Amino acid sequence: MKSRRAWQRMLSGRRLDLLDPTPMDVEIEDIAHGLAFVARWNGQTKGDFPYSVAEHSLLVETLFSRIAPRSPAKWRLAALLHDAPEYVIGDMISPVKAAVGPGYEELDARLASAIRIRFGLPASLPDTVKRNIKKADRLSAWMEATEIAGFSKSEATKFFGKPSMDTVGDLAIRLRAPRDVRAEFTARHNALLKEMG
């Protein structure tokens with residue numbers, strides 16, 4: 001029996017096997033491009049541009065840096081790349097992920113491990129780092145929900161928890177053209193890699 005194709009050709013020319021990804025088939029340009037064109041909230045947001053996963057990832061990295069200000073560059077890079085698998089598997093809202101079940105989580109975990117290894121991070125993150133990234137992710141979701149996705153503050157708090165407004169400070173959701181977000185995401189990735197030495 002012939003197996004189905006489970007790989008995708010990337011714009012870099014790489015052929016990424018989604019079921020058995022290898023770090024050498026991962027390129028930051030492919031990730032940045034893909035994430036800049038993947039819309040969060042299934043595109044159901046206010047504004048002239050979709051709110052991309054790349055933009056969300058930049059915000060999460062900033063929030064993570066405020067939550068854990070002494071974190072080394074490698075953990076800030078992990079925060080930036082926390083949703084990187086979505087460059088090939090897309091973004092699903094949490095209720096759909098739960099309905100799809102463990103198959104989605106396993107696919108996401110394999111891709112995340114390959115991506116982390118490619119950029120000098122451990123395949124699995126320490127629990128403290130994971131917890132702080134999750135805090136930043138939920139805070140970002142609260143901001144997105146109330147600023148661009150039509151949620152009231154009380155409704156967003158019910159789903160994403162009470163936000164730390166001290167952490168948010170002057171941050172706000174930005175909607176930009178995909179090429180601008182792609183460029184900033186790539187530049188931030190490169191700066192963190194350089195800082196890691």
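In the predicted model, helices H1 and H10 are oblique to each other, because their axes make an angle of about 140°, and an angle counts as roughly antiparallel only over 145 degrees. The two axes lie 9 Å apart, and the crossing of H1 with H10 is right-handed. On the side of H1, the contact is formed by Ile28, Ile31, Ala32, His33, Leu35, Ala36 and Phe37, which meet Pro178, Arg182, Phe185, Thr186 and His189 of H10. Sorted by class, the residues of this contact comprise 8 nonpolar, 3 polar and 1 charged.

From H2, the residues His56, Leu59, Val60, Leu63, Phe64 and Ile67 take part in the contact, and their partners in H7 are Val129, Asn132, Ile133, Lys135, Ala136, Asp137, Leu139, Ser140, Met143 and Glu144. The residues of this contact are divided into 10 nonpolar, 3 polar and 3 charged.

Asparagine 132, one of the H7 residues that meet H2, has a relative accessible area of 13% and is therefore buried, the limit for this class being under 20%. Apart from neighbours within four places in sequence, asparagine 132 is in contact with Phe64, Ile67 and Ala68.

Helix H3 (residues 73-80) is largely enclosed by the rest of the structure, because 7 of its 8 residues are buried. The buried residues are Ala73, Trp75, Arg76, Leu77, Ala78, Ala79 and Leu80. The elements that cover them include H2 and H7, as well as helix H10 (178-196).

The loop between H1 and H2 was examined at three residues. Tryptophan 41, located in this loop, has a phi near 60°, a positive value in a residue other than glycine. Asparagine 42, also placed in the loop between H1 and H2, has a phi near 50°, which is again positive in a residue other than glycine. With regard to accessibility, tryptophan 41 counts as buried at 14% relative accessibility, whereas asparagine 42 is partly exposed, with a relative accessible area of 47%.

Proline 50 is situated in the loop between helix H1 (28-37) and H2. The relative accessible area of proline 50 is 42%, so this residue is partly exposed. When its neighbours within four places in sequence are left aside, proline 50 is in contact with Ala39, Thr45 and Leu175. Proline 50 and arginine 179 are separated by 129 residues in sequence, yet their C-alpha atoms are 12 Å apart in space.

In the model, the chain over residues 49-151 is 70% helix and 0% strand. The C-alpha atoms at the ends of this stretch are 19 Å apart.

Definitions and conventions
Residues numbered from 1 in each chain as written. Predicted model: local features only at pLDDT ≥ 70, side-chain atom pairs only at ≥ 80, totals over all residues. Heavy atoms only, no water. Contact = heavy atoms within 4.5 Å. Helix = DSSP H or I, 4+ residues; strand = E, 2+ residues; numbered from the N terminus. Nonpolar A, V, L, I, M, F, W, Y, C, P; charged D, E, K, R; others polar. Buried < 20%, exposed > 50% of the residue type's maximum accessible area, 1.4 Å probe, protein only. Axes fitted to C-alpha atoms, helices over the stretch in contact; angles between N-to-C directions. Parallel < 35°, antiparallel > 145°, perpendicular 65-115°, else oblique. Left-handed = near helix turned anticlockwise from the far one by under 90°.
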